[in-house]
Amino acid sequence: MDLVLFNTRSRRKETFTPLQAGKVGLYTCGPTVYNYAHIGNLRTYVFEDILKRVLLYNGLQVKHVMNITDVGHLTGDRDMGEDKMEQGAKREGRSAWDIAAYYTTAFKEDLARLNIIDPTIWCKATDTIPEQISLIETLETKGYTYRTGDGIYFDTARFEQYGQLSRQDRDALQEGARVEKNLDKRNSTDFALWKFSPENVQRQMEWDSPWGRGFPGWHIECSAMSMKYLGDQLDIHCGGTDHIDVHHTNEIAQSEAATGKRFFNFWMHGEFLNIQGGKKMAKSEGNFLTLQNTFIDNDIDPLVYRYATFHSHYRKPMEYSDDSIAAAGNGLRTLRGQVTRLVERTGGEKSPIDDSFRTKFLCRLNDDLNMPQALAVVQELLKADLPDPVKLATIQEFDAAVLGLELDREVAADPLPPEILELIGLRKQAREEKNWAESDRLRDEIQDLGYVVQDGKAGMRVIKK
Ligand code: AMP
Ligand code: ZN
């Protein structure tokens, strides 16, 4: 079955064929670690996780690289403003290195809470400075760079196809770029490859280079890291839609100028999570919600957020509201309840899965990751006239391979007997009604029957002693 994906480069759905049979090189732009990721950022990472899982479900091997931007991303996308890392360090009275380490750990924890599979390779901008310098040297040798008072710049006028990804010619992009004017640049779309450390300010992160002491521009890291780990012609590169006009446009320019080859075949972009009224969630807007403050602190399973994102296609904006999260919470609880009842009824009987449902599910996924439709297939399966063990095995495969919702979480390890499941149900109800005395009584009853009850941030877990 063909896997069809929307390629931003052509603005069309195209059949995906890896460059090397059976193997996919996937590069996803990672976070700038000067603050927590907000749930908008995390929507993009869930979309990329689904993409990766669907590639795997199609039997492809995936080598996935994700970078950590820990230097060089300035507050203005066009090489103006302050380095976000140094800004974060000032805000918190810690070093830029400490900030980077702290928010990288927090980010990885968020991914784990959302059942996002780790990339094959994590890489940090600060660990690949020599590779970035060497790429800039290649561009210099080929005549694509020039020097200004504050750095080495890429001359976009020398790269004819500049702006192809954003479908804007250089004149239109120049117009947009003029907002933050850097008078030294030849063209306003030109971008920094290397910035010099300011003379009167001691930067925390800086390196020697053939052009002087300084730090890399933001875009060069992704080109250097993707080529280092995946080669100079690659399959799929992803990010949020905000990366199309500047970051990815510049990555293409510098990479293709350096190698003379097409950089990535597929560019895929996830739409934004907005807050009510269509306003995008952004760290700079001060309206940002994290997984911690919105889910964990309110005792909401973070997988409710994963599930909520499945209801909007990744290329459509998603609107955040407390009501939509409550609805997703109810939906997930119902789904888990249905799976739990299947486990109860089958008593752990193993069964092969239903092939026609697998094909149907894969068909929806292979149509540009249509998760709303894939969820509809799950509902159809639950209502289908099939033996319970077949239904259960099929849904467990969908969950393990793609959904990642732990639908059988309460029962996966060792199926719990019906009387325990009933007590769990009663205790959940008591907790929802905030009837703590009854909840405690039921916990004791479950424990007396030989089970351990754990109340974690993500809900109740019951395990045999
Ligand atoms: P950053 O840490 O700012 O570099 O962003 C990390 C990722 O999140 C990038 O792929 C962005 O395109 C994406 N992103 C930023 N804001 C949003 C949002 N509101 N909704 C979805 N994705 C976003
Ligand atoms: Zn990037």
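**Zinc site and fold**

Reply: Cys-29 is buried, with a relative accessible area of 6%; buried means under 20% relative accessible area, exposed over 50%, partly exposed in between (1.4 Å probe, protein chains only). This is a predicted model: local features need pLDDT of at least 70, side-chain atom pairs count only at pLDDT 80 or more, and totals for chains, interfaces and linings use all residues. Residues are numbered from 1 along each chain as its sequence is written, chains are lettered from A and ligands numbered from 1 in the order in which they are written, and side-chain values use heavy atoms, with hydrogens and water left out.

Me: Which protein donors does the zinc ion (ligand 2) have?

Reply: Donors are N, O and S atoms within 2.8 Å of the metal (3.2 Å for Na, K and Ca); water is not among the atoms, so sites may look incomplete. The protein donors lie 2.1 to 2.2 Å from the zinc ion. They are Cys-29 (SG), Cys-222 (SG) and His-247 (NE2).

Me: What spacing do the donors of the zinc ion (ligand 2) follow along the chain?

Reply: Read along the chain, the donors give C-x192-C-x24-H. Cys-29 sits in the loop between strand E3 (23-28) and helix H1 (39-57), and His-247 in helix H7 (residues 244-259). Helices (H or I, at least four residues) and strands (E, at least two) are DSSP runs, numbered from the N terminus. The pair links distant parts of the chain, 218 residues apart.

Me: Is His-247 buried or exposed?

Reply: His-247 has a relative accessible area of 2%. That makes His-247 buried.

Me: How many helices and strands has the chain?

Reply: Of its 465 residues, 55% count as buried. The chain has 15 helices and 18 strands.
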